[in-house]
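The following exercises ask the reader to work through a protein model step by step.

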Amino acid sequence: MLRDIPMRRLGLPVVDRLMRRTRWSAVLSVPFDDSAVTLAHIAYGGKIRPTSETLGSVLSVTRSASGRVWLAMQEEAERDRVIAGLAFGAGEVWSDAAVFREELERVRELGYALKQPNDHHDQYGLAVPVVLEGLGVVALLGVASGSARPELDEPRIESLVAACRDAAEDLKTQLMETESCPPPPPQSPRSA
């Protein structure tokens, strides 16, 4: 079902252009429940990853830039509800909820999330929201480095952010011009 939704059809060319501009893999995902799920992943070089590998992959709010930027853009009560269900401490990405809340505030202020390589993952990730007025965050666009861990300085981060924001604006324009404008993101049964 995810393979055939209009968001994926409209998003694939945008994701392809994002990959070509950044020379990093590019990902389109949508909010779902308390995380995000992947609709398209185009690896650097232009190969659309097989849907059996990536379509519907869950992007965690603690481990992915896409999940983190989605959560950061939610209202405070929703953020608190999701954070209450997360594990923190030894063996986890975040040491405690207060540190994670600070990160979400920083992401909300910046309008993008940057994921650094760590013990759990060996690549950088950067994501921005696609926001439609009256609907909120309807999609997330992001890029991910390969496992080579490139040097990532401030000018490169700014370049990646600009590319992702431009792609988000392209997708937003396409969504607003179609008759198949997306419905509000699915809500968790707990938050509905």
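**Exercise 1. The chain as a whole**

Task: State how many helices and strands the protein chain has, and in which pattern they follow one another.

Solution. Step 1: The protein chain has six helices and seven strands. Step 2: Along the sequence, their pattern reads α-β-β-β-α-β-α-α-α-β-β-β-α. Step 3: The protein chain has 192 residues, of which 45% count as buried. Step 4: Among the contacts with a separation of 6 or more, 60% are between residues 24 or more positions apart.

**Exercise 2. Confidence**

Solution. Step 3: Where pLDDT is low, predicted coordinates should not be read in detail.

**Exercise 3. Helix 1**

Task: Check the span of helix 1 against its number of residues, and locate its bend.

Solution. Step 3: Helix 1 bends by about 35 degrees at leucine 12, and proline 13 follows within four residues. Step 4: The buried residues of helix 1 include Met7, Leu10, Val14 and Leu18. Step 5: After helix 1 comes arginine 23, with a positive phi near 65 degrees.

**Exercise 4. The nonpolar cores**

Task: Determine which element gives the largest share of the largest nonpolar core.

Solution. Step 1: The largest nonpolar core has 36 residues, and Met7, Leu28, Leu126, Leu141 and Leu171 have the most contacts inside it. Step 2: Elements that give two or more residues to this core include helix 1, strand 1, strand 6 and helix 6. Step 3: Helix 6 provides the largest share, nine residues. Step 4: Leucine 126 touches, among others, Tyr112, Leu141, Ile157 and Cys164. Step 5: A second, separate core has 19 residues, including Phe100, Leu104, Ala127 and Leu140.

**Exercise 5. Aromatic pairs**

Task: Classify the ring pair of phenylalanine 88 and phenylalanine 100 as stacked, tilted or edge-to-face.

Solution. Step 1: The count comes to two aromatic pairs. Step 2: The ring centres of phenylalanine 88 and phenylalanine 100 are 5.9 Å apart and the planes stand at 50 degrees; planes under 30 degrees apart count as stacked and over 60 as edge-to-face, so this pair is tilted. Step 3: The pair links distant parts of the chain, with phenylalanine 88 in the loop between helix 4 and helix 5 and phenylalanine 100 in helix 5, twelve residues apart. Step 4: Tryptophan 94 and phenylalanine 100 also form a tilted pair, with 5.3 Å between centres and 55 degrees between planes. Step 5: The ring pairs link Phe88, Trp94 and Phe100 into a cluster.

**Exercise 6. Buried or exposed?**

Task: Classify phenylalanine 88, phenylalanine 100 and arginine 79 by relative accessibility.

Solution. Step 1: Phenylalanine 88, at 24%, lies between the limits of 20% and 50% and is therefore partly exposed. Step 2: Phenylalanine 100, at 0%, is buried. Step 3: Arginine 79 in helix 4 has a relative accessible area of 8%, which is under 20%, so arginine 79 is buried. Step 4: Residues that arginine 79 touches include Leu71, Leu104 and Glu105.

How values were computed:
Residues numbered from 1 in each chain as written. Predicted model: local features only at pLDDT ≥ 70, side-chain atom pairs only at ≥ 80, totals over all residues. Heavy atoms only, no water. Buried < 20%, exposed > 50% of the residue type's maximum accessible area, 1.4 Å probe, protein only. Contact = heavy atoms within 4.5 Å. Phe/Tyr/Trp six-rings, centres within 6.5 Å; stacked < 30°, edge-to-face > 60°. Core = buried A, V, L, I, M, F, W, Y, C linked by side-chain atoms within 4.5 Å. Expected span 1.5 Å × (residues − 1). Bend = angle between axes of the 7 residues up to and from the residue. Lists of a residue's contacts leave out its neighbours within four places in sequence.
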